[in-house]
Amino acid sequence: MKMNLYQKYNLKRVINASGKMTILGVSKTPDDIVALQKFGGQNFFEMADLVKKTGAYIADLLKVEDAVIVSSASAGIAQSVAALIGQGDVYHTYHPYAEEITKREIILPKGHNVDYGTAVEVMVELGGGKVREAGYANMCSKEHVEMMITDQTAALLYIKSHHTVQKSMLTVQDMVSISEKYHIPLIVDAAAEEDLYKYAREGATLVIYSGAKAIDGPTSGLVIGKKEPISWVRMQSKGIGRAMKIGKENIIAFTGAVERYITTQGETGQEMQERLAPFIESLNQIHGIEVKQVQDAAGRDIYRASVKVLEKSAMEVIALLKEKNPAIYTREYQANNGIIEFDIRAVDQEEMKLIENRLKEIMESGK
């Protein structure tokens with residue numbers, strides 16, 4: 001079936017050495033979660049009841065006040081922003097961009113206003129917010145955030161991601177202290193983070209996760225946090241959230257994926273390093289590259305092979321890796337420095353050998 005569909009639609013197979021990236025479909029969904037999608041798709045529910053009760057079930061699992069499943073982490077940002085601007089006002093739900101609603105400023109560190117496939121500010125503005133950047137591209141302190149607060153500040157926003165500037169940035173705990181000091185709600189976008197407890201425990205008002213990244217669920221998102229703000233997020237289903245609705249099959253499957261995630265041990269960092277060791281040793285036999293192990297830039301327990309391209313353009317090598325079938329996708333964030341990273345979380349031994357052979361071919365023949 002798999003190969004027939006690739007052939008039917010004239011699609012390339014993909015070896016995903018990039019990580020859990022949206023452009024490649026994010027994660028491989030486990031069989032038991034696919035079975036839940038099938039059950040959800042083949043049965044009917046009172047949808048409002050389903051949304052509320054699955055949210056309550058997840059909240060109980062994660063020891064938070066409440067939760068709501070949304071269609072993606074990006075939808076979570078937009079709907080959380082709208083929720084904290086409207087604060088339960090029905091008029092706002094139906095008229096989210098009305099001019100008379102002026103308290104719309106969302107403060108975030110300048111180095112967090114990044115492009116992750118779209119810009120963070122696009123989602124903020126979709127939610128009716130106005131981005132107010134604090135600090136500078138290479139640093140942001142508590143004082144930088146505090147000086148941006150006005151009577152039009154609706155919320156603070158912190159993006160916990162490898163995409164953001166890591167150097168000289170205030171922490172989530174720093175933002176929580178500002179939130180508490182000025183009684184301004186804080187949204188933490190933790191889309192790809194692996195710890196589903198940390199940021200809510202630290203005091204964030206709303207915390208957003210991607211369902212298809214660390215959790216290995218279907219396309220979905222999760223917003224957890226304080227009870228009243230979560231109720232405001234749910235209200236967005238009658239507002240901007242209508243265009244972002246999630247289907248019953250993915251609600252059911254995602255709920256099961258959360259339960260599976262917190263009760264089943266995935267691949268540890270140590271196990272990842274053990275799988276990487278022979279791969280790195282083999283790659284280091286290829287002329288024109290130097291390979292070492294590196295940890296995820298955002299500090300997660302994820303390890304990758306970092307390939308320094310010595311005699312060619314890293315961008316050229318990346319393009320050639322994608323050219324054939326199967327296409328090999330890598331992490332390209334440091335290509336301008338001649339570095340390509342290989343994330344092996346979704347790569348098996350056979351695919352590692354294919355990567356090795358393709359790199360050898362490119363480096364030794366130039367094709």
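Is Glu 332 buried, partly exposed or exposed? Glu 332 is partly exposed, with a relative accessible area of 29%; buried means under 20% relative accessible area, exposed over 50%, and partly exposed in between (1.4 Å probe, protein chains only). The legends below place this residue and others in the structure.

The model is predicted, so local features need pLDDT of at least 70 and side-chain atom pairs count only at pLDDT 80 or more, while totals for chains, interfaces and linings use all residues. Residues are numbered from 1 along each chain as its sequence is written, and side-chain values use heavy atoms, with hydrogens and water left out.

View 1. Seven strands form an open sheet with mixed pairing, in the order 2-8-7-6-5-3-4. Its edge strands are strand 2 (66-70) and strand 4 (130-134), each of which pairs on one side only. On average, neighbouring strands of the sheet are turned by 25 degrees against each other, direction ignored. Helices (H or I, at least four residues) and strands (E, at least two) are DSSP runs, numbered from the N terminus. Two strands pair if DSSP finds at least two bridges between them. Strands of a sheet pair through backbone hydrogen bonds, either parallel or antiparallel.

**View 2. Strand 6 and its two neighbours.** Strand 6 pairs in the parallel sense with strand 5 (residues 153-159) over four bridges. Within this pair, Leu 186 is the bridge partner of Leu 156. Between the two strands the chain passes through helix 8 (residues 172-182), and this β-α-β crossover is right-handed; that is, with the strands pointing away from the viewer, the path from the first strand over the helix to the second runs clockwise. Strand 6 also pairs with strand 7 (residues 206-210), in the parallel sense and over three bridges. There, Val 207 in strand 7 is the bridge partner of Val 188.

**View 3. Side chains of strand 6.** Leu 186 and Val 188 point one way from strand 6 (residues 186-189), whereas Ile 187 and Asp 189 point the other way. All of these residues are buried. In a regular strand the side chains alternate between the two faces of the sheet.

View 4. Thr 153 lies in strand 5 and is buried, with a relative accessible area of 4%. Its side chain reaches the backbone nitrogen of Thr 150 at 2.9 Å. Leaving aside neighbours within four places in sequence, Thr 153 is in contact (heavy atoms within 4.5 Å) with Lys 103, Glu 105, Ile 107, Met 148 and Ile 184. Glu 105 stands opposite Thr 153. Strand 3 (residues 105-109) and strand 5 run parallel and are joined by three bridges. Helix 8 packs on the sheet, touching strand 3, strand 5 and strand 6, and its direction makes about 170 degrees with that of strand 5. Axes are lines fitted to C-alpha atoms, for helices over the stretch in contact, and angles run from 0 to 180 degrees between N-to-C directions.

View 5. The structure holds 16 salt bridges, each a side-chain nitrogen of Lys or Arg within 4 Å of a carboxyl oxygen of Asp or Glu. One of them joins Asp 296 and Arg 304, whose closest N and O atoms are 3.1 Å apart. Asp 296 is buried at 4% relative accessible area, and Arg 304 is buried at 2%. Asp 343 and Arg 345 meet in another salt bridge (2.9 Å, N to O). Asp 343 is buried, with a relative accessible area of 0%, whereas Arg 345 is partly exposed at 23%. Salt bridges that share partners join Asp 296, Arg 304, Asp 343 and Arg 345 into one network.

View 6. Lys 322 forms a salt bridge with Glu 332, the closest N and O atoms being 2.6 Å apart. Lys 322 lies in helix 13 (residues 314-323) and Glu 332 in the loop between strand 11 (327-330) and strand 12 (339-342), so the pair ties together parts that are 10 residues apart in sequence. Lys 322 is partly exposed, with a relative accessible area of 23%. A cis peptide bond joins Asn 325 and Pro 326, with omega about 10 degrees. Pro 326 lies in the loop between helix 13 and strand 11.

Conventions
Polar contact = N/O pair within 3.5 Å; in protein donor to acceptor, adjacent residues only side chain to side chain.
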